[in-house]
Structure formats: C-alpha cells, structure tokens
Amino acid sequence: MSQEQEKNYLENGEGFASWFFTVDHKRIGIMYLWAIGVFFIIAAIASFLVRFEHLTPGQTIISAHTYNVLFTLHGSMMVFLFIVPGVAASFGNFLIPLMIGAKDVIFPKLNLYSFWLYLFGAAVFMIALAAPADTGWTFYTPYSIESGANVILITFGIFILGFSSILTGINFIVTMHKLRAPGMTWDRLPLFCWAAYATSLLQVLATPVVGITLLLLIGERYFGLGFFDPARGGDPVLFQHFFWFYSHPAVYIMILPAMGIISEVMPVFSRKPIFGYKAIAYASLAIALISFLVWGHHMFVSGQSKLINVIFSVITYAVAVPTAIKVFNWLWTLYKGSIELSTAMLYSLAFIFLFTIGGLTGLFLGALAADVHLHDTYFVVAHMHYVMIGGTVFGFFAALHFWYPKMWGRMFDEFKAKIAFVLIFIGFNVIFFPQFILGTLGMPRRYFNYAPEFQSLHQLSTYGTWIGAAGFILMLWTLMRPLPGKAPGNPYRSLSLEWSMDSPPGTFNFDEIPTITEPVYNYGTKIEEES
Amino acid sequence: MGFFDVTSKVLKSIAYPSEMVPSIDTEDDGHHHFDHETEHSGAKLGMWLFLATELLLFGGLFAAYAIYRAKYPDMFQHGSQNLNVVLGTVNTVILIFSSLTVAIAVKAIQENRIKLVKIMLWITIICAAIFAVNKYFEYSYKFNLGIFPGTDIFYSIYFAATGVHMLHVFIGMAVLGVLLRKVYKGKYSKDNYTAIEIGGLYWHLVDLIWIYLFPLLYLVG
C-alpha cells in the first residue's frame, strides 16, 4: 500500500482497463478532456468547411444540403458534446476534490457511470450521423418534425448526454457540501469551485426540462402527439419556450466554469489577492438564478406578447449586472499587481477583452428595437462566438496551460505556446469581427448563399479560420511535446491547495486531509513571504 | 484484461445499476474515504437533488397541461369523462398504500427487522405490478375505443404523462427488486440502510407524481 501511494495517478495502473474502469476523479477528468477534445476538433473541422464554402457566393465546394448538415453538426456537437460537459466535467472533475481537500468526489462510481453515459450518448449521436440532421442545433418545430433526417436518434443521444450532466452536477454539489476539508469554509472555497457549484445547480435544474422537451419531440415524430403542431391545435412556439428554458441557462453552464478559471489564474499572475472575493462568488449564483428568467429574449420576433417581450428585455439587462461585477473585479485584481504574462495569463486577459465584446453585443440583442433588426443575422453568430470562443474556449485554453504541469507532471514550451496564442487571438477576431458588420448589413445566419456585395467580408472571415487553425495546431503541437524533466509541485508559486502536492498528484491526492487556516488568495501578504 | 473480461465487466455493471449507490460493503479502495455518517447524508442529499430533476422533468408536462387546458377547457372536460375514474381511483389507493409499505420497510431496516423488510418490499413491488396491470387494461380499453396518442391534445397529454410516469413505475420496480435481492443476500442492516432509504425516497416520488396526475386527468370532467 505504501509503495502504491508513492506512485502518481498517471503511473498507478496501465492499459485500457485501468483507465476505463477507474473511479479516480483525476483519471476520469483526463478521459473527459480527451473525449471533448476529439469532438471539439471534429466540430471545428465542420465549421472550417462551412466557412470555406462562403469564399464565394453560390456553391464553392459543398452542396446546400451538405452545408445544412455541416452547420447542424458543428452547432450540436460543439454545444452538447464539447461545451456543455466540457470544462465542468474535465477540469471540474480533476480540480474540485484537489481544491477542497478531498481524496475523491463523494460518489466515485457514479462519476464513472456519468462518463460512460456521456460516451454512450455521444455514440448514439454519432450513429445518427448516418442520416445527419439538417435542422440546426435548436431543432425548432415544425421543421424538426418534418425533416427526413435522424432527428429521433440525435435527440435521444442528447437526452442521454443530459442524464450524464445531471449526474455529474449532483455529484459535484454533494461533494462540495460534504467533503470540504476542515477549515475550508464556504468563504474560503476557491472561486473555481463556486463557479462549478453554480454550474452544477444549472445542470441539475435546467437539463430535465430539455429532457422532457426532446422526449416530446420524439413523441411528436413517432406518435404525432400534436403539442407543437398547429394543425392539431398545438403551438410551435411552445417548443421554443421549452427549448430556451433549458438552453439559455445552458449558456451559463458553458461560461460559468470558464469564469471560475479566470478567477483562479488572475490572482496568481498578478501576485495580489483576488479583488471582491465574495462579490465574484455570489455573482456566480446570481447569474445562475437570473438565467432562468430570461429565456424569452430568444423569441422577440416569435409573436409572443409585447408585455412579455418588455419584461424579458429588462431581466436580460439585469443578468449583465453580476457579469459586469465579475469583469470589474478581475480588472481591479490586475490594478497595481505584479503582472506576469504567462500563456495562461494571456488567454485570461484575452478572455476579459473578448468576453466584454461578447457581453456588450448581447445587450444590443436584448434591446427590443435593435433585436428586431439583428435577429437571426450574423450579428447573433458573432455575438455568441465572442462569448463561447472568446469566453469559454479561451478560458478552457487558459486552464489547459495553467494546470498543465499539475495534470501531466511536465512543463511546456511557453514561447511556442505564446506564438500559438497570438495566432489564435488574431485568427478569432478576423473570423468573427467582420460577422458583426455582416449582421448589421443584413446577412442572415445559416444561409447557404449570399449577395455578391457581402463577398469581401465573408472572405475575410474565411481567411481568419486559416490563421486560427494554424494557431490551434501549433498549440496542440506544443502541448503534445512537453519539455524534458519533471515539473515542480508548484511552478507558479500559487497558494491554492491543488498546488501544495507533487505534480502530478498521487492517486489519493492527500496523504493526510489538510486543515485550512487562511483564505485562498493571500498573495503578496505575510504568509507568502514566509513560504 | 482481455476484450471479453472488459465486456462482461461493462455488462455486469449495467445489469446491477444499484451499485451506483456507494455502499459500505465495497472494499476500501481508498476512494471511499469518508465516514458512514457523511456517506449516508451525502447519498440522501444526492437523491433529493435527483428528485428535484424528476419534478422538473414532469414540470414540462404540467406546463403543457396548464397551457392547453386554458386554451381548450371543453376538450379537457370532455376527454376526462372518457377516462375510467374507478380504475384510476383503485390505482391511486394502491400507490398510496405502496408508499406506506416502503416507508415501513425503511423503518424496519433501521430496527434490523430483516423479515419485515422483505415482506414490505415484496408488497410494494406487487402493488407496483398491480398498478401496471390496471394501466394496461386502461390503455387497451382506450385503443379499442379508437383513442390513441395524437387523437387530440388532451389524450396526447394523458398518454405522454401517464406513459412517462409508467416508465418511472418500472424503474422503481427494478430498483426495489435489486434492493430486495440484496436484502436476501444479507447486505443491509441497521448500520447500513442508506440504499433502502434512498430507494424508498424514489418510490415516494413515483407515488407523489401520480397523486397530481390523477385529479388533473381523471377528475376535471
């Protein structure tokens, strides 16, 4: 036993079965990371082809139907296979027990089952690609009822994926309630954990609603239930209400964990305590709460009542408040800090910049008059990609670099990683900034063809994908080829618990459960000087 | 570990989902590192959260019910008159009774009265089976009348809601069956009854949902 404990979690057991049947939260986190990474790449290739198609008006390389299939594939895969489970399941699994001072999550087996369910759901989703859906990731009725594609199978796959995320959410919530180390009070909990807690709440409370929605959609196709069919007295807008009641909170399932990552990276590389710890923590909960009340802003032009529109518009503005609180607190954390521009920090700074653009353009769309003009245009596409890539994916990349030494026990080449960052940052903006302009000029989203006067902006956007892809490949190349030598336990002089052990950690994390006596972010204070 | 070992291990774990619930008879593999009290209260909190998700799942159906009943009050009144109130009432009584028996089972295991636990779990499972049989007759009677899902919105809601509920009855039967099997194997005692308690919680939810479905569907005529 004692010899086993000296092995780190990566070395403890070899071969397929030692991973596939593990109940070690760290290994499960790593498996999620690989799985979501693969789906991210497949979905990114689909979007690459979609953009390539737009080099010229009319057909460039693919047919209109293939185009519909590819953007549906891109959207649904990115949403349901990458970004919703994404950061929470991979880094959440890896980090939460380490950060709260526990040896594992509270239901280790359930954790493994969640991962299997995820794989099973993904497999069903992939089988459905035999007759791929062309409905867009939102599966709006009536087209999703009439489409000849495998809508039943793909929605069933998403239903299973939802089950997986519910179980993961329950696991995290109970873990954080029951397994915090002595002295790890709620107001000492790392902000990543707070964000994961809010995310888990959303997963638990919102996912069942999309579950029943998709079940009803399946019933609609299979039995002709008629809930969403006006010919039978049903209402297609009801589907939209159900769908967005889940899918708007889901937006925060996607972004909150990334916000947690930024809150961890900022103080370490500013060498300052995080500014407004409580405000950031409670803002996560406030975002989670308000996000349940704003779904109607996706439906301003669906014919719902004007009064409802106004109410949803006002509440949508309200959700910007806790979000802005976070952004200002991060900026204040930087103020007069001793800033070190590591790769993880660069991604975090880019997050603040891009997420702010994404968030503010969201307010344009939350404003009734502007939304009527911008609804279903490229402006919406650009807005959500600034939030989802500029926000979540940049946060995810920050985490990949920041916790790299802890996960793999090696260091990477910071210089190459920074070049990759610059390429990704430029590429991203070249892709999506022109789309804001295209949208305001009236270019509708999801259209195969476009008017010739839009060609130059479309081409610019397509060139951006080439720069971004080059950056992404360089990033992967850099991370796949770590520097020789073992990483130190705490290369960034971080004060949080996960850095207090060897890199990579042993299978059981802590030889002895630690007792916490100080707040997490005491950078630049007496305690740090002592250590 | 060869391919067949891996496959059989996967199948085994799918066949016995009750093992998803951590139990203290699992050998100490280092990941079950907390005391029984934490495990017990943790499992209960987890189950309550899961029940919340179940309520939200049915919440979608209840929302659809509210909207369409407001829109088509006559259709709901008329449709409801065609439902068999007697069978519905019998099923309601059966489910409420089965909630009592499962509650007795939970109390009995805490007092280590294993035999009583077995009897109560058997009665609960039999009640669930009777419920299912009644439902089968109700459905086939409707089909004979030419009433199917999709006949009108009311019957769509009727079949969707009772169908999803029926699925939960079957899952509940499976859960209770697995628990019963483990009781026979002597796995539970007054020091280890978490699984029975949270299994019982799940069964109460199945009962609770029906208590709402019954008046909303059968008694609005």
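In this predicted model, helix α15 of chain A runs over residues 378–402, 25 residues in all. At 1.5 Å a residue, a helix of this length should span 36 Å, and the end C-alpha atoms of α15(A) lie 33 Å apart, which agrees.

The largest nonpolar core takes in 229 residues. Cys193(A), Val265(A), Ala398(A) and Ile157(B) are the residues with the most contacts inside this core. Its largest share, 21 residues, is supplied by helix α10 of chain A, residues 236–270. Which residues does Ile157(B) contact, leaving aside its neighbours within four places in sequence? They are Leu61(B), Ala64(B), Tyr65(B) and Tyr68(B).

Between the chains, 40 residues of chain A are in contact with 32 residues of chain B. On the side of chain A that touches chain B, α6 (108–127), α8 (151–178), α9 (191–223) and α10 each supply at least two residues. Helix α9(A) gives the most to this side, with 10 residues. The residues of this side of chain A divide by class as follows.

| Class, side of chain A that touches chain B | Count |
|---|---|
| Nonpolar | 25 residues |
| Polar | 9 residues |

Note on methods: Residues are numbered from 1 along each chain as its sequence is written. Chains are lettered from A and ligands numbered from 1 in the order in which they are written. This is a predicted model: local features need pLDDT of at least 70, side-chain atom pairs count only at pLDDT 80 or more; totals for chains, interfaces and linings use all residues. A nonpolar core is a set of buried Ala, Val, Leu, Ile, Met, Phe, Trp, Tyr and Cys residues joined through C-beta atoms within 7 Å. A residue is buried if 20 or more other C-beta atoms lie within 10 Å of its own, exposed if 12 or fewer, and partly exposed in between; C-beta atoms are placed from the backbone. Helices (H or I, at least four residues) and strands (E, at least two) are DSSP runs, numbered from the N terminus. Two residues are in contact if their C-beta atoms, placed from the backbone, lie within 7 Å. Ala, Val, Leu, Ile, Met, Phe, Trp, Tyr, Cys and Pro count as nonpolar, Asp, Glu, Lys and Arg as charged, and the others, Gly among them, as polar. The expected span of a helix is 1.5 Å times one less than its number of residues.
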